[in-house]
Amino acid sequence: MVNEYPQVLTIAGSDSDGSAGMQADMNTFLAQKVYGMSVLTACVAGNSYGIWDSVALPQAFIAKQFEVLAEDFDIRATKTGMLTDTATIETVVAAYQKYDLGPLVVDPVIITKHGNLLLEEQAYQTLRTKLLPLATVLTPNFYEAQKLAQMELKDAKAVKKAARKLQALGAKNIMIKGRHEAGQDRVSDYVLLADGQDFWLEHDYYETTHFNGTGDTLSAAIVAQIALGQDIKTAITKAQAYTYRALTQEIAVGHKFGPINHWV
């Protein structure tokens with residue numbers, strides 16, 4: 001039957017070397033056995049050494065992608081990635097309010113895992129006030145959680161408080177990804193569910209230069225598991241386990257910072 005197969009959507013940029021963005025999401029969808037579609041927001045010219053150029057797509061074209069997908073497909077869950085600027089975020093919010101695109105997983109691409117800012121202040125405020133309230137699941141990294149919650153995450157108690165503050169912004173389920181720094185032994189991700197249940201997901205810290213797309217992969221895997229009918233707790237747990245396997249079972253691609261291994 002038409003639309004019987006689980007279908008999902010990523011709203012993200014195109015990363016030309018395939019390690020992150022839409023390409024990482026689509027690789028994850030395939031590995032998780034769901035059919036993936038994309039609304040592209042920007043295109044990036046990059047390789048394992050870095051990003052050399054980028055182009056934001058016109059808002060009318062972004063809106064048209066939503067329109068034509070929504071009129072044809074039964075999209076069970078959706079995720080966001082890099083949204084580039086205020087206008088793009090507002091276009092995404094308007095489309096999500098207009099069409100039925102299933103539960104929304106927001107990967108708030110604001111700050112890198114090393115603390116570098118990726119989104120201008122006005123766009124950040126738009127994301128915080130307009131997109132976050134639509135999120136079924138929010139997956140900030142350590143630095144993004146600090147900025148969104150407007151507090152320093154000094155210990156486990158602070159992380160739990162930050163998650164509650166993020167819920168107060170409107171996001172239903174929160175996964176704050178643990179800090180990743182050379183020399184640490186363990187990484188601890190904290191999850192606060194909409195019903196108040198909370199738990200930690202821990203794993204050994206793995207030192208590697210092949211880590212591009214880990215955040216994209218995690219959020220895409222959560223989307224896939226939701227589309228497959230899993231509850232939020234199970235979706236997050238399975239997605240985190242898959243992402244860790246993809247990180248630790250390396251593939252030799254690129255001369256510097258490479259992708260993770262979606263084939264696992």
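## Before we start

This is a predicted model, so local features need pLDDT of at least 70, side-chain atom pairs count only at pLDDT 80 or more, and totals for chains, interfaces and linings use all residues. Residues are numbered from 1 along each chain as its sequence is written, and side-chain values use heavy atoms, with hydrogens and water left out.

A few words on naming: helices (H or I, at least four residues) and strands (E, at least two) are DSSP runs, numbered from the N terminus.

## The sheet

Let's begin with the strands. Nine of them form an open sheet with mixed pairing, in the order β3-β2-β1-β4-β5-β6-β7-β8-β9; two strands pair if DSSP finds at least two bridges between them. The edges are β3 (50-56) and β9 (198-204), and each has a single partner strand, so one side of each is left without a neighbour in the sheet.

Helix α2 (residues 59-70) packs on this sheet and touches β1 (7-15), β2 (35-47) and β4. Its direction makes about 155° with that of β2 (axes are lines fitted to C-alpha atoms, for helices over the stretch in contact, and angles run from 0 to 180 degrees between N-to-C directions).

## Around β4

Strand β4 runs parallel to β1, joined by five bridges, and parallel to β5, joined by three. Look for T80 in β4: it is the bridge partner of I11, and its own partner in β5 is V106. Moving along, β5 and β6 (residues 137-138) pair in the parallel sense over two bridges, with V105 opposite V137 in β6.

Is β4 enclosed or open? Five of its six residues are buried, so β4 is largely enclosed by the rest of the structure. Buried means under 20% relative accessible area, exposed over 50%, and partly exposed in between (1.4 Å probe, protein chains only).

## Helices α4 and α5

In helix α4 (residues 121-131), the buried residues are A123, Y124, T126, L127, R128 and L131. They pack against β4 (75-80), α3 (86-98), β5 (104-106) and α5 (142-149).

Seven of the eight residues of α5 are buried, so α5 is largely enclosed too. Those residues, F142 and Y143 among them, pack against α4, α6 (156-168) and β7 (173-176).

## Where α1 meets α7

Helix α1 (residues 21-31) packs with helix α7 (residues 214-227) at an angle of about 40°, their axes 9 Å apart. That makes α1 oblique to α7 (under 35 degrees counts as roughly parallel, over 145 as roughly antiparallel, 65 to 115 as roughly perpendicular, and the rest as oblique).

Which residues make the contact? From α1 come G21, A24, D25, T28 and F29, and from α7 come D216, T217, A220, A221, V223 and A224. Contact here means heavy atoms within 4.5 Å.

Q240 sits in helix α8 (residues 232-248) and counts as buried, at 10% relative accessibility. Leaving aside neighbours within four places in sequence, Q240 is in contact with M175, D189, L201, E202, H203 and L218.

K64, in helix α2, is partly exposed, with a relative accessible area of 41%. The C-alpha atoms of K64 and V39 are separated by 9.2 Å, though the two residues are 25 residues apart along the chain.
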